[in-house]
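Visitor: I would like to go through this model and ask what stands behind the terms used for it.
Guide: Go ahead; here is the structure.

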Amino acid sequence: MKSVVVTGVSTGIGNAAARVLAKKGGFRVFGSVRKEADAAALTRDLGESFVPLVFDVTDEAGISRAAAQVREELKGEKLAGLVNNAGIAVSGPLIDLDADEFRKQMEVNVTGPFLVTQAFAPLLGTDRALKGEPGRIVNISSVAGIRAMPFLGPYAASKFALEGFSEALRRELMMFGIDVVVIGPGPVKTAIWDKAEEIDISRYANSPYLPILENFQKVFVGQGREGLPAEKLGELIMKALTTPNPRVRYSAVKGRLAEKLVMNFASRRALDRIIAGMLGLKRQN
């Protein structure tokens, strides 16, 4: 049985990926969670196909312990895959945002995958003493990794960084036969949108952005609730891990063709004007 490590499997895309990989892909899934209760729930559901790893992606010591646990379980075999999925989304106007929030965004979404990749790279094949074919890394980016929306600047900055990290990593790991694939989904239908609706924007009461933020929150949450089912992303992750010649990047964005054409082919300035008109960000005299 091939084995794969997936970070952030408690909810959302990571949870769906763990279920698809274990039930449909026949993988043994080592899934990272931060709470023992989440570990117990997934173990009940997936049985011997799931092995919980309890760590936070910002905890270097915890990641190292998890990598040692996986090495012991593999008994000299290579890991077939690593899915860097765990992440958070910090939102708010960049000029009003608390600096610690921005730091946390980058620490979780950029430094986290860096630390996890370093810890598990030997098991994927940089340790040539291990048996088997080299593994593959799948990094979960976002449509925000190629196109940034207002008020999601911290999140977009972290995903743009992850895209650059992935490209450099893919080229560096060619000598080991380890491929790196990026998946960039648009909104995905998960419980995160309930949390997004509850974000308190009253702290921006003295900001000129407040009325615009109220409108943006409604639009943003509405789009999320109409997003792709998480299971579809789980299936795409399995494809990225198993297809013989994967693309370097897979996009997974739901929407009408006309919208996709505008977003992908309009000039940056044209998009600026469209987005400004939609949210009320046009210059105020």
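Visitor: Which residues of α8 are buried?
Guide: This is a predicted model. In α8, the buried residues are Ala-230, Leu-233, Gly-234, Leu-236, Ile-237, Met-238, Ala-240 and Leu-241.

Visitor: How do you know that the span of helix α8 agrees with its 13 residues?
Guide: Helix α8 covers residues 230-242, and at 1.5 Å a residue its 13 residues should span 18 Å. The end C-alpha atoms of α8 are 19 Å apart, so the two values agree.

Visitor: What span does α5 have, and what is expected at 1.5 Å a residue?
Guide: From its first C-alpha to its last, α5 reaches 29 Å, close to the 28 Å expected for its 20 residues. Its buried residues include Gly-153, Pro-154, Tyr-155 and Ala-156, and also Leu-162, Leu-169 and Arg-170. The buried residues of α5 pack against α4, β5 (136-140), β6 (179-185) and β9 (249-252).

Visitor: Why is α4 called roughly parallel to α5?
Guide: Helix α4 (residues 99-126) and helix α5 (residues 153-172) pack at an angle of about 20°, and their axes are 8 Å apart. Angles under 35 degrees count as roughly parallel, and that makes α4 roughly parallel to α5. The crossing of α4 and α5 is right-handed.

Visitor: Which residues in α4 and α5 meet?
Guide: From α4 they include Phe-102, Met-106, Val-110 and Phe-114, and from α5 they include Tyr-155, Leu-162, Phe-165 and Leu-169. The residues of this contact divide into twelve nonpolar, four polar and one charged.

Visitor: What makes α1 roughly parallel to α2?
Guide: Helix α1 (residues 12-23) packs with helix α2 (residues 36-46) at an angle of about 25°, with axes 11 Å apart. The limit for roughly parallel is under 35 degrees, so α1 is roughly parallel to α2. Their crossing is right-handed. Asn-15, Ala-18, Arg-19, Ala-22 and Lys-23 in α1 meet Leu-42, Asp-45 and Leu-46 in α2. The residues of that contact are four nonpolar, one polar and three charged.

Visitor: Why is Val-108 called buried?
Guide: Val-108 has a relative accessible area of 10%. Buried means under 20%, so Val-108 is buried. Val-108 lies in helix α4. Not counting residues up to four places away in sequence, Val-108 touches Val-57, Thr-58, Ala-86, Gly-87, Ile-88 and Pro-113.

Visitor: Why is Pro-122 called partly exposed?
Guide: The relative accessible area of Pro-122 is 23%. Buried requires under 20% and exposed over 50%, with partly exposed in between, so Pro-122 is partly exposed. Pro-122 is also in helix α4. Leaving out residues up to four places away in sequence, Pro-122 touches Arg-71, Asp-127 and Leu-130.

Visitor: Why does Lys-75 count as exposed?
Guide: Its relative accessibility is 68%. Exposed means over 50%, so Lys-75 counts as exposed. Lys-75 is found in the loop between α3 (60-74) and β4 (81-84). Lys-75 has a positive phi of about 55° although it is not a glycine. Most residues other than glycine have a negative phi.

Visitor: Is Phe-151 buried or exposed?
Guide: Phe-151 has a relative accessible area of 7%. The limit for buried is under 20%, so Phe-151 is buried. Phe-151 sits in the loop between β5 and α5, and its phi is near 70°, a positive value in a residue other than glycine.

Key: Residues numbered from 1 in each chain as written. Predicted model: local features only at pLDDT ≥ 70, side-chain atom pairs only at ≥ 80, totals over all residues. Heavy atoms only, no water. Helix = DSSP H or I, 4+ residues; strand = E, 2+ residues; numbered from the N terminus. Expected span 1.5 Å × (residues − 1). Buried < 20%, exposed > 50% of the residue type's maximum accessible area, 1.4 Å probe, protein only. Axes fitted to C-alpha atoms, helices over the stretch in contact; angles between N-to-C directions. Parallel < 35°, antiparallel > 145°, perpendicular 65-115°, else oblique. Left-handed = near helix turned anticlockwise from the far one by under 90°. Contact = heavy atoms within 4.5 Å. Nonpolar A, V, L, I, M, F, W, Y, C, P; charged D, E, K, R; others polar.
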